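Please open the structure in a viewer and keep the selection tool at hand.

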Amino acid sequence: MSVPSKEFDEVLRRLSAASRVTALTGAGVSAASGVPTFRGAGGLWREFRAEDLATPRAFARDPALVWEWYNWRRGLIAACQPNRAHEVLAAWSRERPGFSVVTQNVDGLHERAGTVNLTRLHGSIWMLQCWSECGAAPWEDRRTPLDPRPPRCRACGGLARPGVVWFGENLNPSDLAAADAACACAVMLVIGTSSIVYPAAGLTDIARSRGAVIVEINPEFTPAGADIGLRAPAELALDALARRVG
Ligand code: NAD
Ligand code: ZN
């Protein structure tokens, strides 16, 4: 991004003029931190795809296997630091009124970078909750690794599960409402997401229907249907934008 392109200048102009801007982020934002994406290189764990493990069915069948995968991911993420993309979004969220971040990531790196106005659509890998929904409030547990045996619910003693939204599960209604409200923006930055996991991917359409310009930052083309595409890694594109934007 050292030589500004026509698209880059257009994004700068839009960002400078917009009073409300929302960033919708996915796993690609954390790629430069060393967190593997689900669909890129390194997306497999052993022979399993994420879709084979991140589901209630997989957990019901083999909780120990699913926890082993989460333990591996938690250990990997604990060793990662926020990158320049997280830092720029965090700075904008603090400095620009009307700037919010909606993330599909569960790694906690936006929080660690100091992001405010953040909606976590898919929960957090650092939270646990009761598998049998006994009514216990979700709790934080940052130990890495957890005990080799699957952790238990602190209230009922039954199985605990990761506090994330799995494939096929509903999003928390208050998170969905916050994300919907964030779609009322002049510019939506869609950053590092393959835009195929719903309902998150549908937020782009909602924003567009309310008049937002959709700007995608992703080295790969996706079905996001962007009005403007910056085909570059998020950490480079956001750094370049942050140096120029007013
Ligand atoms: P995905 O793995 O489906 O897609 C990642 C996208 O990031 C791809 O389009 C890829 O081209 C792009 N990308 C790769 N490197 C990039 C970079 N440096 N800059 C910008 N873009 C880059 O991820 P998704 O769309 O977020 O959906 C997968 C689901 O998996 C989500 O629901 C999410 O909760 C979960 N997930 C989370 C994490 C995390 O918390 N870091 C990691 C993997 C998956
Ligand atoms: Zn319980």
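This is a predicted model: local features need pLDDT of at least 70, side-chain atom pairs count only at pLDDT 80 or more; totals for chains, interfaces and linings use all residues.

In total, 25 residues surround ligand 1. To see the closest of them, select R39, Q104, D107, H122 and S194.

Next, display the side chain of D107 together with ligand 1. An N or O atom of this side chain is 2.6 Å from a nitrogen atom of the ligand. Then turn to the backbone of two further residues. At A234, a polar backbone atom is 2.8 Å from a nitrogen atom of ligand 1. At G192, a backbone N or O atom lies 3.2 Å from an oxygen atom of ligand 1. Taken alone, the ligand exposes 840 Å², of which the protein buries 91%.

The place where ligand 1 sits is the largest pocket.

Domain 1 is assigned as 1-34 + 82-122 + 171-246, and domain 2 as 36-79 + 124-164. Which domains does the shell around ligand 1 draw from? Domain 1 and domain 2 each supply at least three residues to that shell.

Zoom out to view both domains together. Their centres, taken over C-alpha atoms, are separated by 27 Å. The contact between the domains takes 12 residues from domain 1 and 12 residues from domain 2.

Conventions. Residues are numbered from 1 along each chain as its sequence is written. Chains are lettered from A and ligands numbered from 1 in the order in which they are written. Side-chain values use heavy atoms; hydrogens and water are left out. A residue is near a molecule or strand if one of its heavy atoms lies within 4 Å of it. A polar contact is a pair of N or O atoms within 3.5 Å; within protein, one must be able to donate a hydrogen and the other to accept it, and residues adjacent in sequence count only if both atoms are side-chain atoms. Accessible areas come from the Shrake-Rupley method with a 1.4 Å probe; for residues, only the protein chains shown count as cover. On a 1 Å grid over the protein atoms alone, a cavity is a set of points where a 1.4 Å probe fits but cannot get out, and a pocket is an open set with protein on both sides within 12 Å along at least five of seven lines; lining residues have an atom within 4 Å of a point. A molecule sits in a cavity or pocket if more than half of its atoms lie within 2 Å of its grid points. Domain bounds come from an automatic or database domain assignment. Contact means heavy atoms within 4.5 Å.
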